[in-house]
Amino acid sequence: MSVDSAGMAARLGIKPGMVVQELGWDEDADEDLRDAIIDLSGGEMVDEDTDEVADVVILWWREDDGDLVDALVDAIASLADEGVVWLLVPKSGRPGHVEPGDVTEAAPTAGLSQTSSISAAKDWSGIRLVTPKAARTRR
């Protein structure tokens, strides 16, 4: 794991003891970032079959993965009230790149607000999404 990856996991708001749910993993996911998230949270990431309430959902998403609104609705199903969804999409020019307008359109339909974007890993951009209730309590 690189120092960069550890810093990126921290920028995602990952803290020790957090329950992190991972959705949409595939072989193209950034393993350094995944390892950093696991190291920082202190536990393995849970999948869609968990009964636990997630503090953070990491959703890897590519252009051909299907309906983004449906995926976002699934992502918030086990999300804590103050939880955050990090939508990780391939950067511009990378295979599977998702147009920003697609996210801007899908997020509100799924009941989420986009708050910020970061470079999450070498090939991945991270888009921070929260429920409107969580956005209000953070002001």
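Good morning. I begin with Asp-47, which, leaving aside neighbours within four places in sequence, is in contact with Gln-21 and Glu-22; contact here means heavy atoms within 4.5 Å. This is a predicted model, in which local features need pLDDT of at least 70 and side-chain atom pairs count only at pLDDT 80 or more, while totals for chains, interfaces and linings use all residues. Residues are numbered from 1 along each chain as its sequence is written, and side-chain values use heavy atoms, with hydrogens and water left out.

Asp-47 sits in the loop between α2 and β2 (54-60). Helices (H or I, at least four residues) and strands (E, at least two) are DSSP runs, numbered from the N terminus. With a relative accessibility of 39%, Asp-47 counts as partly exposed; that term lies between buried, under 20% relative accessible area, and exposed, over 50%, using a 1.4 Å probe and protein chains only. From Asp-47 to Pro-132 there are 85 residues in sequence and 24 Å in space, C-alpha to C-alpha.

Asp-28 is found in the loop between β1 (20-23) and α2 (31-41), and its relative accessible area of 38% makes Asp-28 partly exposed. Not counting residues up to four places away in sequence, Asp-28 touches Arg-62 and Trp-124. The C-alpha atoms of Asp-28 and Trp-124 are 9.9 Å apart, although 96 residues separate the two along the chain.

I turn now to the chain as a whole. The protein chain has five helices and five strands, and from the N terminus their order is α-β-α-β-α-β-α-β-β-α. Its radius of gyration is 14 Å, close to the 14 Å that the globule rule gives for 139 residues, so the chain is as compact as a globular protein of that length. That radius is taken over C-alpha atoms, and the rule is 2.2 Å times the number of residues to the power 0.38. Of the 139 residues, 46% are buried. Among contacts between residues at least 6 apart in sequence, 73% join residues at least 24 apart.

Finally, how do two of the helices pack? Helix α3 (residues 68-76) meets helix α4 (residues 100-109) at an angle of about 45 degrees, with the axes 9 Å apart. The contact is formed by Leu-68, Val-69 and Leu-72 of α3 with Asp-102, Val-103, Ala-106, Ala-107 and Thr-109 of α4. These residues divide into six nonpolar, one polar and one charged. Thank you.

Definitions and conventions. Axes fitted to C-alpha atoms, helices over the stretch in contact; angles between N-to-C directions. Nonpolar A, V, L, I, M, F, W, Y, C, P; charged D, E, K, R; others polar.
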